[in-house]
Amino acid sequence: MSTSHWISSGNDEMRLHEPGVMNTSSALSSSLSDGLRLPVIVAPMFLISSPDLVIAAGKAGVLGVYPVANARTLADLEAGLQRIKGELALVGRGNQWAINVIVHPTYTRFDAEMELLERFQPRLVITALGGPQRALARVHAFGGKVFCDVITMVHARKAIDAGADGLVLVATGAGGHTGSYSPFAFVEEVRGFWDGPIVLGGAISNARAIRAALMLGADFAYMGTRFIGTRETLVSDAYRQMLVRASLSDIVMTKAITGVSANWLRESLEAANFDFTKLDMAGKIDFSNVNGDSKAWKNIWGAGQGVASITAIETVAQIVDALVRDYAALGAREQQLAAWPRSA
Ligand SMILES: Cc1cc2nc3c(=O)[nH]c(=O)nc-3n(C[C@H](O)[C@H](O)[C@H](O)COP(=O)(O)O)c2cc1C
C-alpha cells in the first residue's frame, strides 16, 4: 500500500491528509534521496565532523553534514567547503553534502558564514540552536532548502510557521544536545500537521532502527553517535577507544556542561574530575565562542544511547556497507512481522 496520497489536478499537485495515511515521500524528500544508498544523514557534530567525514559519507552513498562551527577560521571554512564540493564533484556527487549552521543570537560568525554558503550553495542547510528565520531567505535565494533541528512540539510548529522546508526531530537518547521526547510520540504528533520531510535522530545506530524510523513516518535517519569513532573524524584515539568500551549505562545526561540537556560519556566526565553532585544543575548557555576555546566539548566527550553499536574503529564506508547489508537482510524479520494481524 502506498504511504502517500497525491491528487494531480493539471499542473498542481495537492496533498491530502487522510487518517492513518502518511505522506512520507514528498517530492522534496525524494529529490534529497537521489544518489543515496540508504536514507541516512550523518549528523553534524561539534569538534568531530571534518570535511573528510562529509566527503566519505557522500562517497559511501549517504548524506554528510558539515557543521560550519568546526572550522576554526573563515579561511578554514572556505578551504573545507572547496574540498568537500570539489572531491565529491570528482565522483559525480558534487551535490551530496549539507551544512549545519548555528542560528543562536550569541553566535557572532553567522553573517560571514552565510556569505560563504551563498558562494558554495549547499542544497541543504540544517539550522541548530534556534529558529530558521535567520537563514531562510538567504538560503532560498540560491535555491537551497532549510531544515530546522527541533526538540519540542512548540519549536516544530514555529519552524514550520516560519517557512522551514523540513524538520529534524531530535528525540531522546541522542548524542550531544538531546531531545527528551519518545520518537514514537514525536513523529506521530508532528505528522498530524506536517507532511513534508522529517529527519529523525536519537540513538538510531543500526539498520533495524533506520527501518523503524521510516515505519514511524520519518523520511531520513539522523545518525551521529554511530559515526563519531570513524577514522575520518577529528576525535582522538582515546575518545575512539572510550566509545568502543561504552554501552548504554555509560551515557550520562546533564545540563551541567553546556546549560542544555546533553548526553556524555561517563568515563570522560570522570577523567575531567566532574563533580557528579552537580549533575542536576544547569550550566551557562553561551555559544559565542564555539570556534575558540571550548573546554566543555574538548575534555568531556559526547555520545548517545546507541553507543554500544560501536564495537570497532572503522571507516565510514565500512559502516555504510554494513548498514546496507543489514538493511537488505531485514527481509526475514519483515516476514515474521507479516504474520500480524491474525484472526483471533
Ligand atoms: C559529540 C556530539 C556533538 C554534536 N554537535 C552538534 C552540533 O554541533 N550541531 C548540531 O546540530 N548537532 C550536534 N550534535 C547532534 C547530532 O547532530 C545529532 O542530533 C545526534 O547525534 C543524533 O543522535 P545520535 O548521536 O544518537 O545518533 C552533536 C552530537 C554529538 C554526539
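Residue numbers start from 1 in each chain and follow the sequence as written. Because the model is predicted, local features are taken at pLDDT of at least 70 and side-chain atom pairs at pLDDT 80 or more, whereas totals for chains, interfaces and linings use all residues.

The protein has 14 helices and 13 strands, these being DSSP runs numbered from the N terminus (helices H or I, at least four residues; strands E, at least two). Of its 344 residues, 45% are buried; here a residue is buried if 20 or more other C-beta atoms lie within 10 Å of its own, exposed if 12 or fewer, and partly exposed in between, with C-beta atoms placed from the backbone. Among contacts with a separation of 6 or more, 65% join residues 24 or more positions apart, a contact being two such C-beta atoms within 7 Å.

Eight strands form a closed barrel with parallel pairing, in the order β3-β4-β5-β6-β7-β8-β10-β11, and the twist averages 25° from one strand to the next. Strands count as paired if DSSP finds at least two bridges between them; β8 (residues 166-170) and β10 (residues 198-201) pair in the parallel sense over four bridges, with Leu-169 opposite Leu-200 in β10. Helix α6 (residues 153-162) lies across β7 (145-150) and β8, and runs at about 165° to β7; the axes are lines fitted to C-alpha atoms, for helices over the stretch in contact, and angles run from 0 to 180 degrees between N-to-C directions.

The leucine pair returns in the largest nonpolar core, where Val-42, Leu-167, Leu-169 and Leu-200 have the most contacts among 96 residues. The largest share of this core, six residues, is supplied by α2. Such a core is a set of buried Ala, Val, Leu, Ile, Met, Phe, Trp, Tyr and Cys residues joined through C-beta atoms within 7 Å. Beyond its neighbours within four places in sequence, Leu-200 touches Leu-169 and Ala-171, and its other contacts include Pro-183, Val-187 and Tyr-222.

Gly-61, which follows α2, has a positive phi near 105°.

The ligand is surrounded by 27 residues, the closest being Gly-175, Gly-176, Gly-224, Gly-302 and Gly-304; a residue is near a molecule if its C-beta atom, placed from the backbone, lies within 6 Å of it. Both β11 (220-223) and α9 give two or more residues to this shell.

Most residues other than glycine have a negative phi, and most peptide bonds are trans. Asn-273, with phi near 55°, sits in the loop between α11 (266-271) and α12 (295-299) and is exposed, as it has 7 other C-beta atoms within 10 Å. The peptide bond from Trp-340 to Pro-341 is cis, with omega near 0°, and Pro-341 lies in the segment after α14 (331-337).
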